[in-house]
Amino acid sequence: MAPFGGKSLVDAVSGIGGNGVGRALAAVAAALLVRLFAGPGIALLPEDEADDDYAETEDGGGDSSPGKIRPVTIRWRNITCSLSDKSSKSVRFLLKNVSGEAKPGRLLAIMGPSGSGKTTLLNVLAGQLGSSPRLHLSGLLEVNGKPSSSRAYKLAFVRQEDLFFSQLTVRETLSFAAELQLPEISSAEERDDYVNNLLLKLGLVSCADSCVGDAKVRGISGGEKKRLSLACELIASPSVIFADEPTTGLDAFQAEKVMETLQKLAQDGHTVICSIHQPRGSVYAKFDDIVLLTEGTLVYAGPAGKEPLTYFGNFGFLCPEHVNPAEFLADLISVDYSSSETVYSSQKRVHALVDAFSQRSSSVLYATPLGIKDETKNSMRPRRKAIVERKDGWWRQFFLLLKRAWMQASRDGPTNKVRARMSVASALIFGSVFWRMGKSQTSIQDRMGLLQVAAINTAMAALTKTVGVFPKERAIVDRERSKGSYSLGPYLLSKTIAEIPIGAAFPLMFGAVLYPMARLNPTLSRFGKFCGIVTVESFAASAMGLTVGAMVPSTEAAMAVGPSLMTVFIVFGGYYVNADNTPIIFRWIPRASLIRWAFQGLCINEFSGLKFDHQNTFDVQTGEQALERLSFGGRRIRETIAAQSRILMFWYSATYLLLEKNKPKYQKLELLVDNGESENPGVQLDEAEIDQAKEPEDDDIKQPLKDQSQTLDSEDELDEIRPFVLEGL
């Protein structure tokens with residue numbers, strides 16, 4: 001970078017023609033390019049963020065070798081999440097004083113009816129709850145006995161949506177992920193062995209060389225995609241695995257296979273936490289622990305299996321024979337809104353169960369308060385973040401991402417075929433309408449109209465393709481960047497370069513068909529300039545599409561914003577409104593319009609040196625006179641190319657800034673001060689405590705339910721709660 005320091009490069013670029021606004025845009029873009037290329041390599045946090053004198057000690061804290069799992073126990077206490085509504089000045093609780101524990105080697109399932117807070121709790125524990133000024137999140141979170149509100153361990157988060165580059169195979173997807181996340185594995189053979197082990201472990205060997213696919217291309221099944229998501233997350237050997245409703249959208253067999261995989265991962269030493277809506281009986285049997293939520297409050301937390309049935313059976317809620325326990329529990333803790341009577345009775349039941357478990361858990365909690373034990377103070381002391389920078393990582397990431405981007409772009413046969421057909425079809429239609437234009441006075445308007453629609457068609461084709469694809473790709477990039485796989489600069493540059501050959505092919509096809517059909521200026525140099533102008537315009541429109549895709553949250557929004565913005569540029573494109581007649585407050589729009597600069601360049605290329613047939617003195621005799629009427633007189637093609645290049649750099653720079661600004665932000669957990677006087681210090685029950693609930697002499701849980709029933713039911717004074725019977729049985 002020595003010969004291209006920030007100042008010299010900015011001066012060089014900003015000196016490329018144009019007005020003050022253009023130079024300013026070029027200077028900003030050049031400064032961002034300097035930042036993009038000169039920035040340091042990605043900084044990776046070690047697994048433990050350990051002190052220098054403790055990084056290589058207990059639990060393998062300093063060992064981040066692939067395949068090694070560090071056991072992690074997570075405890076959470078009094079997690080409360082509320083959402084405020086400014087308009088009604090009300091507060092809705094998504095979670096209310098929820099506590100629990102997840103241990104290594106055990107599969108914990110968070111269950112409950114829809115809207116009970118399952119996904120919210122999972123996101124809170126994983127640190128993936130989206131940030132919002134309306135949210136308030138508080139509680140106490142422990143990792144191996146150390147209070148923590150930030151991630152101090154390696155985790156994997158498997159979302160409901162399975163997002164991949166559709167044109168890569170399963171093996172290639174894992175190989176690229178391994179190369180990006182595990183740079184310490186330099187040997188290709190060792191990396192291939194590692195990927196093959198993952199394929200075998202996740203049951204993906206049979207589809208390893210199959211294309212992942214998407215809605216356009218048939219690929220692997222939904223269950224295989226879910227297991228591929230798990231495999232991608234397991235590459236870095238995470239201690240904790242979070243899975244958000246991993247069986248959603250799968251049939252019973254595929255759901256069984258996915259949960260069987262999670263169970264095996266737990267048996268391998270991972271701490272596995274998943275949210276699940278209503279599993280089948282065989283899936284429920286795989287759970288080691290469960291957390292039952294209803295309306296954001298805790299109903300039960302403890303061992304799974306028969307223990308919850310025994311626990312609720314002590315209150316008279318008996319699970320009928322041959323009934324799925326998960327269905328029984330879901331019905332038991334749900335509110336029935338079919339009528340006012342069922343709402344009243346089900347809410348009474350749910351509130352009684354919530355109060356009973358809250359009172360029960362407060363007396364059988366941890367013997368010692370959550371905090372740092374004396375004997376482990378040294379191992380759990382606050383740790384200083386140790387940042388490891390890879391100076392050579394930038395270019396390594398760039399070449400890996402360039403290879404992946406090229407594979408994705410070149411293999412996308414359906415999209416490329418459609419774009420090629422549309423380019424040829426558009427050229428044939430326009431060529432037929434403007435067939436072999438002569439040099440009469442009326443041909444002047446025809447030529448201007450053809451050049452305008454050529455500029456519009458080229459820009460719209462590139463824009464719509466980009467805004468239809470990039471928002472989905474951005475979700476993949478955000479996920480990979482959050483894991484520290486790569487930085488933004490290598491990704492954006494690699495994507496730009498990889499798409500140049502494919503992106504240039506379609507405007508060249510369009511020009512090759514249209515130019516001879518319309519009999520535009522018949523010289524080879526003019527034809528080359530025509531193709532060059534529309535190609536640069538296509539790249540500028542694609543860059544604009546990237547900016548729109550980085551600015552809006554979804555593909556639908558991008559498809560609405562992109563064409564609307566392009567319409568403004570079309571109006572000020574030089575054909576409908578003369579630049580000299582543009583109101584002062586809108587004078588900047590033609591200068592920023594890629595349609596205007598493309599139209600201007602095409603007109604200069606076509607009309608310069610052209611002679612027209614004329615009969616009257618007021619007729620347009622030369623092409624220069626036609627250019628004067630458009631206020632394009634005295635301009636040169638290189639000025640339009642320079643202006644388009646500045647617009648191109650501006651849109652890429654804006655994309656970079658927006659992606660940096662809009663990267664996912666997560667809500668911070670406000671730590672509670674533990675004075676040992678909390679109303680609900682925790683809720684984790686062990687087997688011995690559950691056994692105590694089985695004894696008939698133990699009235700600690702029955703009594704609150706009796707009191708609750710007597711309070712809520714003034715007509716019938718119940719000595720005990722009636723047995724709970726599932727609907728339809």
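Reply:
**The sheet from its edge**

In β8, Val 240 is the bridge partner of Leu 155. Parallel strands β7 and β8 (residues 240-244) are joined by four bridges. Two strands count as paired if DSSP finds at least two bridges between them. Strands here are DSSP runs of E, at least two residues, and helices are runs of H or I, at least four residues; both are numbered from the N terminus.

This is a predicted model, in which local features need pLDDT of at least 70 and side-chain atom pairs count only at pLDDT 80 or more, while totals for chains, interfaces and linings use all residues. Residues are numbered from 1 along each chain as its sequence is written, and side-chain values use heavy atoms, with hydrogens and water left out.

Now the whole sheet. It is open and has six strands, in the order β7-β8-β9-β4-β10-β11. The pairing is mixed. β7 (155-158) and β11 (297-303) are the edge strands, and each pairs on one side only. From one strand to the next, the twist averages 15 degrees.

A helix also belongs in this picture. α6 (residues 222-234) packs on the sheet and touches β7 and β8. Contact means heavy atoms within 4.5 Å. The direction of α6 makes about 160 degrees with that of β7. Axes are lines fitted to C-alpha atoms, for helices over the stretch in contact, and angles run from 0 to 180 degrees between N-to-C directions.

In general, strands of a sheet pair through backbone hydrogen bonds, either parallel or antiparallel.
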